Amino acid sequence: RLRSQLPELRRLGPRLRLPCIDLALPALRELSDTQRRAFLAALEQLVTIDQRYTLPEYVMLSLLRKQLAADAGALRPVRHRNFAAVAEPLNQLLSLLAHAGGGDEASRAARHARVVAGFAIGKLPLLPLGGNATGTLHAALTELAALSPLLKKPVLDACLDCIGDDRQLRITEVELVRAVAETLDCPVPLLIAGG
């Protein structure tokens, strides 16, 4: 069935990737626990079949795992009560978003410095994009998810500020912010990518 739908899904393009997932979620939530696990396992196989794990694939899988988990909606334990405790993962996330916003190195560094300054945790360098961006993002979001609930909204606000810096939303930026919002259990406004 998937093979028969692929041409139509490709025709829709990446801008409709998240809306399609959102439309499918109510039906997917109706699956039994066994069916959900099988569905997620099949998705993981599809993602890893080409031996590459892209950021859009990471966003899709993390969103679906979060929404279809048996403990969806459960409160997470708080391990971090200040931004200094998560300075490194916060810097990794904001560096990734600064790079996703495009532009030359100077504009990315300025964007990064501006959003980092809002946390009053010292001057942090713009980290280079590594070869394992999905692994870095996952590790950073795992730590940030353990923040006190009152500290999660400023992280999401900084992400929104970072991607809105050039007043042009890219699909990658919107998907990354959606992954952050889902992981932090923060509502995110509707974001429409321009390209």
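1. G102 sits in the loop between α5 and α6; helices here are DSSP runs (H or I, at least four residues), numbered from the N terminus. This is a predicted model, in which local features need pLDDT of at least 70 and side-chain atom pairs count only at pLDDT 80 or more, while totals for chains, interfaces and linings use all residues. Residues are numbered from 1 along each chain as its sequence is written, and side-chain values use heavy atoms, with hydrogens and water left out.

2. G102 is buried, at 19% relative accessible area (buried is under 20%, exposed over 50%, partly exposed in between; 1.4 Å probe, protein chains only). Leaving aside residues up to four places away in sequence, G102 touches S107, R108 and R111, a contact being heavy atoms within 4.5 Å. From G102 to I121 there are 19 residues in sequence and 25 Å in space, C-alpha to C-alpha.

3. On to the rings. Phe, Tyr and Trp rings (for Trp, the six-membered one) pair if their centres lie within 6.5 Å; planes under 30 degrees apart are stacked, over 60 edge-to-face and the rest tilted. That rule gives 2 aromatic pairs. Y53 and Y58 are edge-to-face because their planes stand at 70°, with centres 6.1 Å apart. Y53 is partly exposed at 32%, whereas Y58 is buried at 3%.

4. F83 and F119 also make an edge-to-face pair, 4.8 Å centre to centre and 75° between the planes. F83 is in the loop between α4 (55–68) and α5 (87–100), and F119 in the loop between α6 (105–117) and α7 (133–144), so their pair ties together parts 36 residues apart in sequence. F83 is buried at 14% relative accessibility, and F119 is buried at 9%.

Conventions. Helices (H or I, at least four residues) and strands (E, at least two) are DSSP runs, numbered from the N terminus.
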